[in-house]
Amino acid sequence: MKDLKDYSEDIYKCTKCGLCQSVCPVFEQTGLEAAVSRGKFTLLNGIANKDIEFTPKVSSYLDLCLNCNACTDFCPSGIEAEEILTTAKCEAFKKGFVSPVKRLIILFFNSKIFLHLIKWLLILYRMTGMIAITESLAKRSDKFGKKIKLLNKWIKVDINYNKLGRKTLNELNIVYFPGCINTYINPSVKNAVRTVFDVNGISYKIPDFDCCGIPARSAGDLESFLKLARKNLDKIPDNIDYLVTDCASCGSVWYMYAEVLEGRYKQKAFQVAEKTLNINTLLNKIDLFIPEYEGDKQIVTYHDPCHLARFQKVKEEPRKILEKLPTVDFVEMKESDKCCGAAGNFFICMEKISKEISKKKACNILKTHAQIVSTSCPSCNIGIIQGLLELDKDLPVLQPVELLAQLYLKS
């Protein structure tokens with residue numbers, strides 16, 4: 001990754017037009033100039049010119065960012081704001097300007113021991129009936145009750161894996177990257193992907209991957225990000241046809257590896273990025289099996305994850321899948337591609353702002369009269385559930401591939 005000084009020209013190039021204000025969810029809630037790229041670039045330009053020092057206060061302004069990339073898409077000067085701000089966070093991390101919470105999150109995702117421990121604790125939590133007990137306790141507390149409900153809804157397993165063979169296996173050589181959430185927190189989407197692969201005759205392998213590294217990257221821990229990138233690339237065979245992801249954030253990271261790696265790892269990162277596909281894109285490439293179904297349809301709306309719509313330019317593919325399903329009556333929501341407010345650790349570190357952004361997303365969802373919300377990112381699940389809970393509403397939140405797997409299981 002470049003140093004912050006390497007972006008001096010781009011930072012200076014900011015025309016101060018303020019267009020980023022019109023698309024920044026954080027600015028919409030706070031009205032703070034430091035929340036938008038223009039304000040942050042003013043600070044970083046001062047640092048580059050040695051007019052001001054890089055202080056913990058400056059670092060705290062960098063945290064007022066969802067990494068949603070909306071400002072980059074709307075910037076008339078074509079400045080890669082997200083890339084520059086991530087580089088600035090790396091500078092802050094080197095100086096030690098990182099909160100204990102972020103350090104704990106990085107430690108958690110860097111350690112398979114911690115991840116496996118959480119996995120088994122959650123399995124016990126589900127099996128011992130603790131969900132029902134904590135739901136009962138949640139009714140006695142508004143503040144902590146919503147946190148309990150958020151956790152319980154997020155870890156609820158909607159799809160169990162069923163091997164439903166239908167077609168002869170095709171010749172595609174696919175590696176599936178399920179990500180940490182699907183592997184250790186909630187296997188529902190992973191179960192759905194495996195079920196859909198089986199029904200459509202898709203053979204696949206799931207190596208023992210590490211975390212993709214996006215928590216480390218978001219916090220500015222470049223060394224951890226590089227370490228995880230190399231580990232994961234070493235587990236990818238050279239002869240794959242596709243690397244398939246279902247998490248929007250994880251999918252974006254495979255395109256980011258080449259930006260920071262050197263030598264043979266950089267070359268391999270480019271090769272793998274060319275073969276990386278989101279599950280929605282893959283399912284639109286194949287002769288997807290859609291069984292007949294004569295039951296009632298449910299109204300479904302779709303939220304675009306920032307890391308899928310903006311970083312990977314995948315917008316129409318999940319909608320095409322939803323429109324194919326005989327169980328779905330698809331309705332578009334207003335501002336479907338506006339951030340849900342979760343944004344990785346943002347919902348933890350900037351809870352108040354995150355909830356306000358999530359509430360606006362939930363309002364747009366409810367206006368569609370949807371019975372189910374669909375999205376393609378486990379982090380967005382949190383944002384959507386959080387917003388609905390703030391409005392005392394409860395809707396299922398499922399990926400398109402989960403709705404497809406449900407259809408297979410019904411038929």
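Q: Which residue in S6 does Ile299 stand opposite?
A: In this predicted model, Ile299 stands opposite Asp329 in S6.

Q: What makes S5 and S6 a strand pair?
A: Two strands pair if there are at least two bridges between them. Strand S5, residues 298-302, and S6 share 3 bridges in the parallel sense, so the pair meets the cut-off of at least two.

Q: How do you know that S5 also pairs with S7?
A: The count does it again: 3 bridges join S5 to S7, and the two run parallel. One place to look is Thr301, whose bridge partner in S7 is Val373.

Q: What makes S7 and S8 a pair, and which residue in S8 is the bridge partner of Val373?
A: Strand S7, residues 372-374, is joined to S8 by 2 bridges, and the strands run parallel. The cut-off is at least two, so 2 bridges are enough. The bridge partner of Val373 in S8 is Val397.

Q: Why are S6 and S8 called edge strands?
A: The open sheet has 4 strands in the order S6-S5-S7-S8, with parallel pairing. Strand S6 (328-330) and strand S8 (397-398) each pair on one side only, and that makes them the edge strands.

Q: Which strands does S1 pair with, and over how many bridges?
A: S1 is joined to strand S2 (residues 204-205) by 2 bridges, running parallel. S1 also pairs with S3 in the parallel sense, over 4 bridges. Ile174 takes part in both: its bridge partner in S2 is Tyr204, and in S3 it is Tyr242.

Q: What makes both faces of strand S1 covered?
A: On one side of S1 (residues 174-177) sit Ile174 and Tyr176, on the other Val175 and Phe177, and all of them are buried.

Q: Why is Thr327 called buried?
A: Buried means under 20% relative accessible area. Thr327 has 8%, so Thr327 counts as buried. Thr327 is placed in the loop between helix H19 (316-324) and S6. Leaving aside neighbours within four places in sequence, Thr327 is in contact with Tyr293, Asp296, Lys297, Gln298 and Leu407.

Q: Why is Lys313 called exposed?
A: Exposed means over 50% relative accessible area. Lys313 has 54%, so Lys313 counts as exposed. Lys313 lies in the loop between helix H18 (306-309) and H19. Not counting residues up to four places away in sequence, Lys313 touches Asp73 and Leu308.

Q: What makes the pair of Lys313 and Arg310 a polar contact?
A: A polar atom of the Lys313 side chain lies 3.0 Å from the backbone oxygen of Arg310. The cut-off for a polar contact is within 3.5 Å, so this distance qualifies.

Q: How do you know that the span of helix H16 is close to the expected one?
A: H16, residues 263-274, has 12 residues and reaches 17 Å from its first C-alpha to its last.

Q: How do you know that the buried residues of H16 are on the same side?
A: The buried residues are Tyr265, Lys268, Ala269, Val272 and Ala273. They cover an arc of only 135° around the axis, so they are on the same side of H16. The face turned away from the buried side carries the exposed residues Gly263, Arg264, Gln267 and Glu274. The buried residues pack against helix H14 (222-234), strand S3 (242-245), helix H15 (248-260) and strand S4 (276-278).

Q: What puts the buried residues of H7 on the same side?
A: In helix H7 (residues 100-110), Lys102, Ile105, Ile106, Phe108 and Phe109 are buried. They cover an arc of only 160° around the axis, which puts them on the same side of H7. Pro100 and Leu104 are the exposed residues on the face turned away from the buried side.

Q: Which residues touch the most other members of the largest nonpolar core?
A: That core has 58 residues, and Phe197, Ile279, Leu282, Leu283, Val401 and Leu403 touch the most other members. A second, separate core has 35 residues, including Cys65, Cys68, Ala70 and Ile357.

Terms used
Residues numbered from 1 in each chain as written. Predicted model: local features only at pLDDT ≥ 70, side-chain atom pairs only at ≥ 80, totals over all residues. Heavy atoms only, no water. Expected span 1.5 Å × (residues − 1). Buried < 20%, exposed > 50% of the residue type's maximum accessible area, 1.4 Å probe, protein only. Arc of directions from axis to C-beta. Contact = heavy atoms within 4.5 Å. Core = buried A, V, L, I, M, F, W, Y, C linked by side-chain atoms within 4.5 Å. Polar contact = N/O pair within 3.5 Å; in protein donor to acceptor, adjacent residues only side chain to side chain.
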